[in-house]
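Subject: The two-chain model

Hi,

Here is the structure I said I would pass on. Have a look at it before you read my notes below.

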Amino acid sequence: MSPGRVALRRAIRHGGFWIGGTIIFVIVLMAIFAPLLTPYDPSVQSLSEGFVPPVWAEAGSWEHPLGTDNLGRDYFARLLYGARISLGLGLLTVIISGTIGTAMGITAGYWGGWPDMIINFFITVRLTLPVVLVALVVVALIGSSLWLLILVIGLLLWDRFAIVVRSATQQLAQREYITSARAIGSSTPRILFREILPNITGPLVVVTSIEIAHAILLEAALSFLGLGVQPPDVSWGLMVAEAKAQLLFRPWMIAIPGAALVLLIFAINLVGDALRDVTTPEGKA
Amino acid sequence: MSDDTRILSVRGLNVQIPIPGSTLWPVRDVNIDVGRGETVAVVGESGCGKSLTALAIMGLLPRQAKVQSEALRLNAESLAEASPKRWRQLRGDRIAMIFQDPMTALDPCYRIGDQMCEILQQHRKISRSAAMKRSLDLLGKVGIPAPEERLKQYPHQLSGGLRQRVMIAMALLCEPELIIADEPTTALDVTIQAQILRLLRDIQRETNIGLLLITHDLGVVAGMADRIVVMYGGEVVEVGTCDQVLAQPLHPYTEGLVRSIPVPGETEQGEALGYIPGIVPRQVGERTACGFVDRCPYATSACREEPIAMRDAGDGRLMRCILPTDGSARDPDVWILPDETSAQGATNSGSL
């Protein structure tokens with residue numbers, strides 16, 4: 001049986017994979033089909049309809065299932081469209097940071113010696129930087145746009161990739177099948193991409209899931225501080241930020257996007273955990 | 001041996017490894033020849049530099065290790081000056097290696113067939129179906145039942161003995177001239193060991209390749225090798241044909257190794273086996289005396305005065321010892337410790 005089918009079979013039996021996967025699947029579907037799920041535009045204001053409470057409150061109605069915000073924008077629509085930005089940003093940043101971190105980690109782990117020392121130095125330097133503060137400074141200096149935000153977060157969050165990939169590679173480089181690959185005349189790039197990379201997918205997948213969650217939270221934090229996603233775009237962090245004035249009077253306005261964030265992060269972590277269990281190659285011990 | 005039948009020729013091979021504070025010198029001035037169709041066994045305890053010698057010949061030592069040699073030739077080609085690209089062409093094609101632990105020598109991510117085809121396609125212009133065909137043939141040749149199925153399987157689905165057979169098949173793919181087998185049976189159980197060794201010997205005779213067999217197991221050597229190279233402390237201490245060395249060891253270290261093997265029919269029950277006291281010391285700095293002097297029961301003050309050179313012992317044998325070769329200074333029981341209790345704590349240096 002191929003590793004792919006083994007993994008699939010294990011995944012089907014894995015409870016965490018089902019729970020997390022279902023939540024993510026539903027959120028992704030809702031983000032993709034947002035226009036079909038709500039007739040409202042998330043940025044269209046309707047001042048006469050401000051602060052409509054959600055449907056479960058006394059004054060609520062099914063017209064706005066999650067109510068409206070202070071400018072009369074439909075909260076459900078904002079939640080759906082906000083998911084697009086949160087998910088997209090999470091994925092794109094991880095592509096950037098994962099590429100950087102993996103390249104650095106493999107280089108350091110495979111060669112050791114001075115390349116390792118230099119890369120370790122960069123990892124250490126990176127770890128001394130407070131991520132939120134650096135992102136704030138960059139955004140404050142250059143101005144705020146969604147692409148800049150993705151780039152900044154992507155360029156900051158490669159540290160965990162580098163550290164995990166480095167140590168995984170170091171362990172692998174001692175294995176006889178790596179020496180054996182050299183003994184049959186394989187070139188170095190071939191060894192890195194064909195022997196090492198496929199064998200570190202397990203830890204890589206786990207870090208990817210953690211880092212997607214991390215990036216989404218960071219975006220929320222930056223948006224909350226007013227330097228992340230800018231109106232008229234909408235993200236969950238921005239929704240929390242805009243609702244903070246209403247914390248005491250209309251707590252659901254914070255609770256709804258907050259709960260959505262918690263749910264998404266929880267689900268991503270569940271799936272990441274499950275993927276680690278599922279993808280560990282047999283006989284790799 | 002004449003020059004034209006010689007496949008591998010190593011002269012004055014040195015390996016040095018810098019460690020914090022000093023430099024290890026695990027391989028010193030090693031000379032090894034392997035002829036076409038010849039099996040040369042390199043024997044010695046763990047830490048004698050056998051594996052490092054093999055890796056140095058393959059050009060596979062880590063960058064930190066400094067490898068120097070007066071000559072390192074494969075056929076007429078000098079490997080010492082070969083470019084990394086040339087090395088890659090030679091490895092797997094002209095020289096192949098079989099590793100000690102078949103459990104970790106195959107990549108768990110790929111099917112056996114894919115791993116075998118990869119070798120062929122790297123060295124030959126050959127279609128994938130032709131490569132599969134040849135892989136299939138070789139799996140059959142090394143005695144793997146149902147080779148078609150095995151081609152499609154992953155390493156974890158194979159037992160240790162099967163994996164080592166796959167490793168041997170992989171080594172044979174490109175019809176190399178030299179195979180280096182680094183303790184190919186150490187990780188296998190005894191019955192499988194015998195099968196694998198017989199397979200290696202049969203294939204070696206059939207294809208007339210040179211085999212450099214690295215082992216600490218004199219039992220393995222006896223049935224396999226044409227010549228034996230005994231290494232101690234990174235140096236070659238004795239060279240001779242298999243029969244010469246096992247029947248009449250010249251160097252005290254070889255004698256100690258041979259004395260530590262029980263002989264069926266001769267060794268009686270309860271009889272103490274010989275053993276070599278102590279362990280192989282760390283190899284640092286220039287030699288100022290015989291490398292074996294601290295463990296040698298025959299050592300005299302003359303042994304400590306200067307490093308011992310290799311000398312001709314007649315019959316084409318070489319040894320690195322100043323003892324007379326006629327056996328006049330020898331007492332075979334010198335290896336058996338009078339005190340049984342301390343002998344029990346020590347391990348036999350040559351195993352069955």
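What follows is what I found, chain by chain and then where the chains meet.

First, the ground rules. This is a predicted model, so to speak of local features I need pLDDT of at least 70, side-chain atom pairs count only at pLDDT 80 or more, and totals for chains, interfaces and linings use all residues. Residues are numbered from 1 along each chain as its sequence is written, while chains are lettered from A and ligands numbered from 1 in the order in which they are written.

Chain A

Chain A has 13 helices and zero strands; helices (H or I, at least four residues) and strands (E, at least two) are DSSP runs, numbered from the N terminus. Its C-alpha trace spans about 75 × 45 × 30 Å along the principal axes.

Take helix α7 (residues 146–156) of chain A: A:Leu149, A:Ile150, A:Val152, A:Ile153, A:Gly154 and A:Leu156 are its buried residues. The cover over them includes α4 (75–111), α6 (131–142) and α11 (201–224) of chain A.

UniProt, in an unreviewed entry, puts the feature "domain: ABC transmembrane type-1" at residues 83–272 of chain A; such annotations may be inferred rather than shown by experiment, feature names are shortened, and positions are in the numbering used here. That span, residues 83–272 of chain A, is 82% helix and 0% strand, and its end C-alpha atoms lie 19 Å apart.

Chain B

An automatic or database domain assignment divides chain B into domain 1 (1–94 + 177–352) and domain 2 (104–173). The C-alpha centres of these two domains of chain B lie 31 Å apart. Between them, 12 residues of domain 1 are in contact with 12 residues of domain 2, contact meaning C-beta atoms, placed from the backbone, within 7 Å. On the domain 1 side, helix α7 (residues 190–207) of chain B gives the most, with six residues.

There is also a nonpolar core to look at: in the largest one, of 168 residues, B:Ala41, B:Leu178, B:Ile180, B:Leu212 and B:Val229 touch the most other members. A core here is a set of buried Ala, Val, Leu, Ile, Met, Phe, Trp, Tyr and Cys residues joined through C-beta atoms within 7 Å. This core draws at least three residues from each of domain 1 and domain 2 of chain B. Leaving aside neighbours within four places in sequence, the contacts of B:Ala41 include B:Leu213, B:Met224 and B:Val229.

Where the chains meet

Across the interface, 22 residues of chain B are in contact with 20 residues of chain A. On the chain B side, α2 (84–90) and α3 (112–123) each supply at least two residues, and α3(B) has the largest share, three residues.

Cheers

Technical notes: Contact = placed C-beta atoms within 7 Å. Buried ≥ 20, exposed ≤ 12 C-beta atoms within 10 Å, placed from the backbone.
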